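This report covers the strand arrangement and the aromatic contacts of one protein model. The sequence and coordinates come before the discussion.

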Amino acid sequence: MKLSSAIRLILFSFSSFSVDYGEIYQDSYPNVDFYFLIGNLDDDWEKKEFNRFSGIEDWLTKKGFRVIINKNANEAQLLEAVSNPNTSAIIWSSHGNKQGVIFCDNKQPVPQDIFEEPGERLKLLIYSNCNGEMTVQYYNSPPGIKRIYWDGETTTKGLFNYLYSERFDKHLGDAIGVKL
């Protein structure tokens, strides 16, 4: 057998074997994707909060979510998370100014229209930034997406207190339509 014939036979063998990755994904992550994106923060949240977030990540994974963490999130990465058809929830953590503007890791403002065309499964946005009451006015999102935010100034401590509460379990479960 010539080498090219052997290669064709191998390629034919592999091409006749198919895997339905969509089914594997859905079986592994029935509640689809949960993004935790960190934009511009002055402090090193990882050192202070990593263990607390690791516990939330473990809990979400056990509840059927694929957890995606980006500690240096920029506009393109936030847009990908928002528009991804498999995203069910996003936590955005960054600074927020008095007008409600939030900031990417490079200290650039997040565009005002970034949340206007979400993927079909996005049901929960959590804004962990100061002046969240202004953020939900500044950034539009379609009806049907629950938005959680804090009034005035906040810290990552406030976020993790919320994430480790029954309120979070209820908000997330209600938003995506499952009991957690």
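Is Phe34 buried or exposed? The model is predicted, and in it Phe34 has a relative accessible area of 0% and is buried.

Five strands form an open sheet with parallel pairing, in the order S2-S1-S3-S4-S5. Strands S2 (66-70) and S5 (146-148) are at the edges; each has a single partner strand, so one side of each has no neighbour in the sheet. From one strand to the next, the twist averages 15°. Strands of a sheet pair through backbone hydrogen bonds, in a parallel or an antiparallel manner.

Strand S3 (residues 87-93) and strand S4 (residues 124-128) run parallel and are joined by 5 bridges. Ile91 stands opposite Ile126 in S4. Helix H7 (residues 166-176) lies across strand S1 (33-38), S3, S4 and S5, and runs at about 145° to S4.

**Aromatic pairs**

A pair of aromatic rings is described by the distance of the centres and the angle of the planes. The structure holds 11 aromatic pairs, and two of them are listed below.

| Pair | Centre to centre | Angle between planes | Type |
|---|---|---|---|
| Phe34 and Phe65 | 5.9 Å | 80° | edge-to-face |
| Trp150 and Tyr162 | 5.7 Å | 85° | edge-to-face |

Which parts of the chain does the pair of Phe34 and Phe65 tie together? Phe34 lies in strand S1, whereas Phe65 is in the loop between helix H3 (45-62) and S2, so the pair ties together parts that are 31 residues apart in sequence.

Why is the pair of Trp150 and Tyr162 edge-to-face? Planes over 60 degrees apart count as edge-to-face, and the planes of these two rings are at 85°, so the pair falls in that class. Trp150 sits in the loop between S5 and helix H6 (156-163), and Tyr162 is in helix H6, so that the pair links distant parts of the chain, 12 residues apart. Trp150 is buried at a relative accessible area of 17%. Tyr162, at 2% relative accessibility, also counts as buried.

Ring pairs also link these residues into a cluster, made up of Phe34, Trp59, Phe65, Trp150, Tyr162 and Phe168.

Methods. Residues are numbered from 1 along each chain as its sequence is written. This is a predicted model: local features need pLDDT of at least 70, side-chain atom pairs count only at pLDDT 80 or more; totals for chains, interfaces and linings use all residues. Side-chain values use heavy atoms; hydrogens and water are left out. Two strands pair if DSSP finds at least two bridges between them. Helices (H or I, at least four residues) and strands (E, at least two) are DSSP runs, numbered from the N terminus. Axes are lines fitted to C-alpha atoms, for helices over the stretch in contact, and angles run from 0 to 180 degrees between N-to-C directions. Contact means heavy atoms within 4.5 Å. Rings of Phe, Tyr and Trp (its six-membered ring) pair if their centres lie within 6.5 Å; planes under 30 degrees apart count as stacked, over 60 as edge-to-face and the rest as tilted. Buried means under 20% relative accessible area, exposed over 50%, partly exposed in between (1.4 Å probe, protein chains only).
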